Amino acid sequence: MFKCTEATWMQRDMLTFVELPVDMGLLSTSGQLRMPFSEAVKYCILGISILLLLAALGILIWQICRCFSQTYTSYPSQEDTVNRDLLYSDEKPSTAENYSVPPSTTVEDVSSEARRLSRCLSQASFPSEPSQGERGIGEHETSRKVHGSLRFSIYYDQLQARLVVTVLQVEGLEDSSQAFGLQPFVKIRLMCAGLEGTELEGLKEQEGQATAPVLWTVLQEWRTRVVKGSCNPLYGDQFSCILPEKRDTLRHITLRMEVRDFDKFSRHTVLGEVRVPLGQLNISYPLELQEDLQIPQKDLVGEVLLSLKYLPTSQRLEIGLLKVRTAITEIFSATALYARISIQYNQSKMRYQKTSAVPRSPVTVFNEVLMFTLPDFPLEQTKILVWVYETLATGRSSKCLLGQLSVKKDRHSEDEHWTLMVRSVRQPVAKWHGLLI
């Protein structure tokens with residue numbers, strides 16, 4: 001009885017589920033529902049939508065026309081501005097002020113840092129004096145505009161034949177490095193003109209002069225202390241030496257004083273120089289002078305006979321130092337000469353080689369050949385550097401730079417000796433070169 005009742009209830013539930021079908025009429029009439037707005041409101045909403053669409057299309061068309069009709073102007077970046085200032089600041093200082101650049105501390109820092117690195121690392125920077133071990137040769141000339149003056153005093157004691165030079169003050173220097181400041185000092189050379197009868201074969205052929213040029217001899221070298229961060233440094237340093245007791249000695253002596261900016265890498269920048277011929281002054285009593293700084297000039301102190309031979313197959317260069325001719329002076333047995341020769345390529349120096357020390361004479365004969373292996377660089381990018389030093393025959397502890405020279409080929413000029421070397425492959429070519437300081 002219980003089982004029949006359960007079956008009856010299950011059939012009743014199933015029948016109840018079947019007897020509740022979905023009303024399809026409601027679904028068909030749901031698509032015909034209408035919004036409870038009047039016709040006027042509907043037309044207003046439609047009009048507003050059309051106006052917004054037209055406004056959007058108008059803005060889009062205006063932007064497209066503006067994009068195609070606008071011309072863009074390229075503005076230089078800060079790095080380009082800094083590089084352009086570095087390249088053309090010396091050649092065109094007046095036009096650099098016409099271009100206005102937005103003030104930026106970053107640009108000033110980069111500019112000062114670039115000037116310092118170019119002066120320290122580049123071999124083609126301003127004229128400078130490297131250290132005794134790494135003196136450069138291929139320096140460019142100083143800027144044409146030289147600022148400042150040098151105040152000094154000179155006195156010659158005739159009884160003791162003593163010359164006294166006192167450096168007092170440098171005034172009106174221009175500080176181009178705003179970050180580090182100037183560190184000026186004065187380099188003094190006491191130079192004596194050699195005899196006019198000294199013959200210079202190589203220079204006489206090049207210049208075509210009837211009389212041979214005058215050679216100079218450096219009698220003494222001094223250097224003042226360094227004053228940091230001052231454009232008007234005070235010194236008061238005094239130097240003295242005893243001159244040879246000869247007739248008209250002062251007439252052949254010139255005092256050369258160079259104002260330089262100290263650099264810790266020994267690449268001292270030459271700011272200007274003053275030359276004072278002592279024969280034109282009455283220095284029997286202390287005489288105080290103030291002279292404007294001038295553009296530095298090189299002085300001829302001798303000539304060197306070099307021999308060059310290029311071996312293209314083995315990429316080698318033979319450099320022969322044959323003779324060194326200097327001014328005729330008193331010969332001291334304790335004085336000797338030696339040379340340092342190096343190859344520079346792509347602003348990088350190879351390891352230098354030294355010659356043996358030879359006792360100094362008016363014509364010092366070396367006859368030594370040094371071999372250099374060239375890297376895989378074009379020969380046009382190679383430069384030969386030669387330094388000639390004067391030292392004691394007993395040792396090389398104390399040495400002094402006598403002069404320097406370079407043989408190279410650049411974009412503007414080509415050395416005649418270099419041309420002869422390239423044309424005469426595997427054959428030595430000898431030629432005289434001026435020794436400058």
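This dialogue goes through a predicted model, from its overall make-up to single residues.

Me: What should I know before reading any values?
Reply: Because the model is predicted, local features need pLDDT of at least 70 and side-chain atom pairs count only at pLDDT 80 or more, while totals for chains, interfaces and linings use all residues. Residues are numbered from 1 along each chain as its sequence is written, and side-chain values use heavy atoms, with hydrogens and water left out.

Me: How many helices and strands does the chain have?
Reply: Helices (H or I, at least four residues) and strands (E, at least two) are DSSP runs, numbered from the N terminus. Here the chain has 7 helices and 19 strands.

Me: What share of the residues is buried?
Reply: Buried means under 20% relative accessible area, exposed over 50%, and partly exposed in between, with a 1.4 Å probe and protein chains only. In this chain of 437 residues, 38% are buried. The accessible surface (Shrake-Rupley method, 1.4 Å probe; for residues, only the protein chains shown count as cover) comes to about 27,300 Å², and carbon and sulfur atoms hold 55% of that.

Me: What share of the contacts is between residues 24 or more positions apart?
Reply: Contact means heavy atoms within 4.5 Å. Among contacts with a separation of 6 or more, 70% come from residues 24 or more positions apart.

Me: Which residues touch the most other members of the largest nonpolar core?
Reply: In soluble globular proteins, nonpolar side chains tend to be buried together. A nonpolar core is a set of buried Ala, Val, Leu, Ile, Met, Phe, Trp, Tyr and Cys residues joined through side-chain atoms within 4.5 Å. The largest one here has 33 residues, and Leu150, Leu163, Val186, Leu190, Leu255, Met257 and Leu278 touch the most other members. Strands that each supply at least two residues of this core include E2 (149–157), E3 (162–171) and E4 (184–193). Beyond its neighbours within four places in sequence, Leu255 has contacts that include Ile154, Val165, Ile188 and Leu278. There is also a second, separate core of 30 residues, with Val301, Val324, Leu402 and Ile437 among them.

Me: Where is there a nonpolar patch on the surface?
Reply: A patch takes residues with over 30% relative accessible area and no salt bridge; like charges are joined within 9 Å, and nonpolar side chains (Val, Leu, Ile, Met, Phe, Trp, Tyr) within 5 Å. In this model a nonpolar patch with about 1,100 Å² of accessible area has Tyr43, Leu46, Leu51 and Phe68 among its members. Leu51 sits in helix H3 (residues 39–69), and Leu51 is exposed because its relative accessible area is 58%.

Me: How many salt bridges does a search of the whole structure find?
Reply: A salt bridge is a side-chain nitrogen of Lys or Arg within 4 Å of a carboxyl oxygen of Asp or Glu. The search finds 14. One of them joins Arg256 and Asp299, with the closest N and O atoms 2.7 Å apart. This pair links distant parts of the chain, since Arg256 is in strand E7 (residues 253–261) and Asp299 is in the loop between E9 (287–292) and E10 (300–311), 43 residues apart. Both Arg256 and Asp299 are buried. They also belong to a network of salt bridges that includes Lys187, Glu221 and Arg275.

Me: Which residue does Glu303 meet in a salt bridge?
Reply: Glu303 meets Arg325, at 3.0 Å from N to O. Glu303 lies in strand E10 and Arg325 in strand E11 (residues 316–326), so the pair ties together parts 22 residues apart in sequence. Glu303 counts as buried because its relative accessibility is 0%, and Arg325 is buried at 14%. In another salt bridge, Lys309 and Glu318 have their closest N and O atoms 3.2 Å apart.

Me: Which residues other than glycine have a positive phi?
Reply: Gln315 is one of them, with phi near 50°. Gln315 lies in the loop between E10 and E11 and is partly exposed at 25% relative accessibility. Another is Arg426, with phi near 65°, in the loop between helix H7 (416–423) and strand E19 (429–436). Arg426 counts as partly exposed because its relative accessibility is 45%.
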